[in-house]
Amino acid sequence: MQGTTLLINLAGAVALLLWGTHMISSGVLRGFGTALRNWLGRHLGNRWLALLAGLGITGLLQSSTAASMMAASFTANGTLGLAPALAVMLGANVGTTLVVQLLSFDTSLLAPLCLLAGLVLFRLRDDQRLESVGQCLIGLGLMLLALMLLGQSLESIEGSDVFIAAVAGLQGDPLITLLLAALLTWACHSSVAVVLLVASLAATGLASLPTALALVLGANLGGALPALGVARTRVARRLPLGNLLVRLFGCLLALPWLPLLATLAAPFGAASVVYFHTAFNLVLAVLVIGLTGPLAALLVRLLPDEPEPDDPGMPQYLDEAGLEVANIGLANATREALRLADMAILMLRRTTGLIEKPDSAAVSEIRSQDRSLDQLSAAIRAYLADIGHDGMSDGDADRAQEILLFTINIEHVGDLVANSLLQQVMRKAGRGRAFSAFELEQVLPLQAAIDESLHLAISVFMRGDLAAAQRLLARKALLRRLEASASREHFRRLREDRTTWVESGDLFQRMLRDYRRIHYHVTALAYPMLERSGVADGQRRPSAQDRAEEARQSSDGH
């Protein structure tokens, strides 16, 4: 039972170490993720600058795995080229060695200080960034505490016959040792934890230096596996595969020289494990930095672009790597939401076009587009629900709600077009009566007004344009005037020719109502921006009563 207890303590220490790493990563992303993403998007054109950026990101996030997933998402959505992204990963690999260097010192006093300072800052909830810094300090304190527990557990099992036999079984077989370390690192999702564990084994004499160096090589190889495992598309797999190939190349290069390297590192004692980890990644970065271009070309050939899906309802940008980094996942969802808006605009234009020129084939295509729109909308909503909320700042959470509101309202626009407006147009055509010149003159301005409002809504959604939001909400009055004018004139003409009432009057009035309801959903997209700004330039902030009335009018006739 004593051995089982020690193994449980060892596993618990590693789990605490990983949780501390997660707290630091989510704290940085929550407080500074959007600013960090924007800076990276503007400054990663140069490979050396990209390498330094990767080093800095890993230092902030305390995890090369998190940095790898962030860079993979950038390449998947086209924000970052593959060659500079490979340079980012080289820097991230070096950065994780610096984290190991810092955590290898005596931190017995630093751990409680970090926990205390972190708790004080975290309780200052009036300042979100201080709260995020506090979370990072708590995470660092937990990591340092986990390292102390790890050392105590290793000291307890130093004399265990079973453990000594297990470690001794690895002696003299560097390839098996490397593969076992790679599997352990993949399971832990942290090369930092494994390298620190190896350093402790070397310090207590449980592992010989050549075996410890082979374990370090395996930790480096296994550290590239988690990001590759979460990638679901060919484009998303390119960067993690490139990182894996680079590390595999380095391991194959260093493996035959382990006895010589162990001899050279012997004067440094147990610290040689940490120094070797740093030297390995530094040398590998210098060797590969000039080859990122050819390596990127090779990866593109190995993993060519996937053919465009025949079904437009299939998402193109909802990369699962973005789920780990909130602001990148939101950027992916935003791109899909814009596709959704384009589909709705096309449906509305084609339906209005049927008024002038009926076409049964176009009717089928519009209905198919509505099914695709519903499918894509559901995918966006599911993706937003899966984004890591631990890394969300208040601003990210607000943005997620804006994307959700945009998606739902655009889906309603599509449903109104396909299930109501299109039905009125088809009923008119089915009766063998063409729309009159008067009806066309009234409908086309409504279509143009909604089209312009949709483009204003996209501007508000993408740029947070307050002026555009105010213009969008003001256009409700314009559409009411157009609808009222068309309705009055239509009734006037019907009074002059009552024989057309049954066949034309009711359908035309229903169409006017559908255009109005569509426009209500479009103008609803101005509310998030206006609510954040309150009263601006004389624009009255919409009250709850206003919105309830609008919802009632919008749903009238559903």
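**A buried histidine and its surroundings**

Modeller: His519 is found in helix α21. Helices here are DSSP runs of H or I with at least four residues, strands are runs of E with at least two, and both are numbered from the N terminus. This is a predicted model, in which local features need pLDDT of at least 70 and side-chain atom pairs count only at pLDDT 80 or more, while totals for chains, interfaces and linings use all residues. Residues are numbered from 1 along each chain as its sequence is written, and side-chain values use heavy atoms, with hydrogens and water left out.

His519 has 2% relative accessibility, so it counts as buried. Buried means under 20% relative accessible area, exposed means over 50%, and partly exposed lies in between, with a 1.4 Å probe and protein chains only.

Now its partners. Not counting residues up to four places away in sequence, His519 touches Ile450, Ser453, Arg475, Lys476 and Leu479. A contact is a pair of heavy atoms within 4.5 Å. Leu454 is 65 residues from His519 along the chain, yet their C-alpha atoms are separated by 8.5 Å.

Leu454 and Ile450 lead on to Leu348. Leaving out residues up to four places away in sequence, both are touched by Leu348. Leu348 also touches Val417, Leu421, Gln447, Tyr515 and Ile518.

That brings us to the core. The largest nonpolar core has 63 residues. Such a core is a set of buried Ala, Val, Leu, Ile, Met, Phe, Trp, Tyr and Cys residues joined through side-chain atoms within 4.5 Å. Leu348, Phe406, Ile410, Tyr515 and Ile518 have the most contacts inside this core. At least two of its residues come from each of α16, α17, α18 (394–430), α19 (437–463), α20 (466–496), α21 (501–523) and α22 (527–533). α16 gives the most, with 13 residues. There is also a second, separate core of 62 residues, which includes Val194, Leu215, Val246 and Ala262. In soluble globular proteins, nonpolar side chains tend to be buried together.

Look next at α16 and a helix packed against it. Helix α16 (residues 326–356) packs with helix α17 (residues 360–386) at an angle of about 160°, with their axes 10 Å apart. Therefore α16 is roughly antiparallel to α17. The axes are lines fitted to C-alpha atoms over the stretch in contact, and the angles run from 0 to 180 degrees between N-to-C directions. Under 35 degrees is roughly parallel, over 145 roughly antiparallel, 65 to 115 roughly perpendicular, and the rest oblique. The crossing of α16 and α17 is left-handed. Left-handed means the near helix is turned anticlockwise from the far one by less than a right angle, and right-handed means clockwise. The contact of α16 with α17 has 17 nonpolar, six polar and five charged residues. Nonpolar covers Ala, Val, Leu, Ile, Met, Phe, Trp, Tyr, Cys and Pro; charged covers Asp, Glu, Lys and Arg; the others, Gly among them, are polar.

Gln369 sits in α17. Its relative accessibility is 15%, so Gln369 counts as buried. Setting aside neighbours within four places in sequence, Gln369 is in contact with Met343, Leu346, Met347 and Arg350. Gln369 and Leu346 are 23 residues apart in sequence and 9.0 Å apart in space, C-alpha to C-alpha.

Gly329 lies in α16. Its relative accessible area is 0%, so Gly329 is buried. From Gly329 to Ala400 is 71 residues in sequence and 9.5 Å in space, C-alpha to C-alpha.

Helix α9 (residues 191–203) and α10 pack at an angle of about 175°, with their axes 9 Å apart. α9 is therefore roughly antiparallel to α10. On the α9 side, the contact is made by Ser191, Val194, Val195, Val198 and Ala202; on the α10 side, by Ala212, Leu215, Val216 and Ala219. These divide into eight nonpolar, one polar and no charged.

Finally, the whole chain. The chain has 23 helices and zero strands. Of its 558 residues, 52% count as buried. Among contacts in the chain with a separation of 6 or more, 81% come from residues 24 or more positions apart.
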